[in-house]
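This briefing covers pockets and cavities, sheets, helices and a few single residues. Read it alongside the sequence and the coordinates.

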Amino acid sequence: MLRRSFNVLMLSAALVVGMFGAALAQDPVRIGVSASKTGPLAGGASGVLWPNIKLWVEKVNKAGGLKVGDQMRPIEIVEYDDKSSPEEAVKNIQRLATQDQVDLIIPPYSTGLNLATAPLIAKYGYPQIVSTGNANDLDQFVKRWPNTFWLLGPAQGIADGIVGTLKDLRDAGKIGNRVAVVNVSDAFGLEMIKTGKPALKQAGFDIVYESSYPLGNQDVAPVIASAKAANADAFVAYSYPPDSFALTEQAQLQKFDVKAFFVSVGGNLDAYGKRFGAAANGVLIMGGVNASDPVFQAYRKEHLEVTGQEADWWASPVAYASLEILQQAVEHVGSLDKEALNKEIQSGTFKTVIGEVHFDNNINNNNWTVGQWSDGVVHGVRATGNLQGAQQPVIKPAWPSN
């Protein structure tokens, strides 16, 4: 009897080991990433895209892997630094698709690099869920590249957001009519100024100063000095993280005390709030969140625990949502077939950290467009679509003395 029991136990143990070994033997889902680790875009990518990839992969693998049909397969990331260069990004995508033969691709960071790599990603059929870029004429773009999906919507929506916010403040008698507007001269800045400037004029604002500066330029003291000399009532910068920080620093140093001060990408980073402290109060930024949403709060807590970094107040949850959409599309389709995945993303509805997402002609039309800093937290003040939780914007107090 003892011998029989022992044999049964050994058989059971062998079955368990065999099942466990089979689970471990599942081929990984190999996902390629080309994004900035060096160059002027590295700060934004390291604050937004890379940590959310780490969080998502760890969370999925801890739960047993990505469900592909009836299999649970671990995720393996194949990554390259694009050095903030469109040419390098294109070479990396080519390598991922042809040499590494990855199953899926996570798009790069920034408008310019997504535009540069879109034709090649489309050539190989991968879904391109863009979480850190926008552009004008997206309807025409997605007709040509129907595998591209734009979570931040068109540039026009974001441009209209800050213009509408300034108009509300002006019509309430809180600011004047004179606006200084500047932009970084890369794809993002050029796309934004193309829509932002006409929107300001249509709303009846006087553009008293306009300038652009190269990507990576840190000497923005003359920009702020000129905007101040123009006696602007509001300042609008279509900027990337390094210049968003530099412009704010110079505005504070030069006591450029406009009542509406807006910076774009980078103003949403937690590091921005920590760098400027109370001086950030009242600063308007591109994007935003419903800071009181418990889903966002839980995500932010998990982000810190896993990555050691605070999630930002706009782009981080959007980046994470793009990965949730990719995961759910694979689960719904039950395979890694690229054509089927593209069709699923085009037509499906996805539950994400930024709410339910459904693409309309490959474009998400529910987006925070403007947020505002208040005591270390960003609150969304304007959005497209039906997002909830917007707060009323306030005028910016004078910069505190250093």
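The largest pocket has a volume of about 370 Å³. Here a pocket is an open set of points on a 1 Å grid over the protein atoms alone, with protein on both sides within 12 Å along at least five of seven lines. The volume is the space filled by probe spheres set on the points, and grid points are joined across faces, edges and corners. This is a predicted model, in which local features need pLDDT of at least 70 and side-chain atom pairs count only at pLDDT 80 or more, while totals for chains, interfaces and linings use all residues. Residues are numbered from 1 along each chain as its sequence is written, and side-chain values use heavy atoms, with hydrogens and water left out.

**Pocket and cavities**

- The largest pocket is lined by 20 residues, and the closest to its centre are Val353, Ile354, Gly355, Trp368 and Leu387; a lining residue has an atom within 4 Å of a point.
- Helix 12 and strand 14 (355-358) are the elements that give two or more residues to this lining. Strand 14 gives the most, with three residues. Helices (H or I, at least four residues) and strands (E, at least two) are DSSP runs numbered from the N terminus.
- Rolling a probe the size of a water molecule over the atoms shows where empty space is left.
- There are three cavities of 30 Å³ or more, a cavity being a set of points where a 1.4 Å probe fits but cannot get out.
- The largest cavity holds about 150 Å³ of space. Its lining has 21 residues, of which Tyr109, Thr132, Leu152, Val265 and Trp314 lie nearest its centre.

- Seven strands form an open sheet with mixed pairing, in the order 9-8-10-11-12-15-16; two strands pair if DSSP finds at least two bridges between them.
- Strand 9 (206-213) and strand 16 (377-383) are at the edges with a single partner strand each, so one side of each has no neighbour in the sheet.
- On average, neighbouring strands of this sheet are turned by 20° against each other, direction ignored. Axes are lines fitted to C-alpha atoms, for helices over the stretch in contact, and angles run from 0 to 180 degrees between N-to-C directions.
- Strand 12 (residues 284-286) pairs with strand 15 (residues 368-374) in the antiparallel sense over three bridges. Met286 has Val370 as its bridge partner in strand 15.
- Helix 6 (residues 155-171) lies across strand 10 (234-238), strand 11 (260-263), strand 12, strand 15 and strand 16, and runs at about 50° to strand 15.
- Helix 9 (residues 241-253) lies across strand 8 (178-184), strand 9, strand 10 and strand 11, and runs at about 155° to strand 11.

- An open sheet of three strands has parallel pairing and the order 4-1-5. Strand 4 (75-81) and strand 5 are its edge strands, each pairing on one side only.
- Neighbouring strands of this sheet are turned by 25° against each other on average, direction ignored.
- Strand 1 pairs with strand 4 over seven bridges in the parallel sense, and Val33 stands opposite Glu79 in strand 4.
- Strand 1 (residues 29-35) also pairs with strand 5 in the parallel sense, over three bridges. Val33 stands opposite Ile106 in strand 5, and Ile31 stands opposite Leu104.
- Six of the seven residues of strand 1 are buried, so the strand is largely enclosed by the rest of the structure. Buried means under 20% relative accessible area and exposed over 50%, with partly exposed in between (1.4 Å probe, protein chains only).

**Helix 13**

- In helix 13 (residues 338-347), the buried residues are Leu341, Asn342, Glu344 and Ile345. They are on the same side of helix 13 because they cover an arc of only 165° around the axis, taken from the directions from the helix axis to the C-beta atoms.
- The face turned away from the buried side of helix 13 carries the exposed residues Glu339, Lys343 and Ser347.
- The cover over the buried residues includes strand 5 (104-106), strand 6 (128-130), strand 7 (148-150), helix 12 (315-333) and strand 13 (349-352).

**Single residues**

- Ser322 is found in helix 12 and is buried, with a relative accessible area of 7%.
- Leaving aside neighbours within four places in sequence, Ser322 is in contact (heavy atoms within 4.5 Å) with Ile129, Ser131 and Leu151.
- Lys301, in helix 11 (residues 294-307), counts as exposed at 56% relative accessibility.
- The C-alpha atoms of Lys301 and Gln94 are separated by 36 Å, and the two residues are 207 residues apart along the chain.
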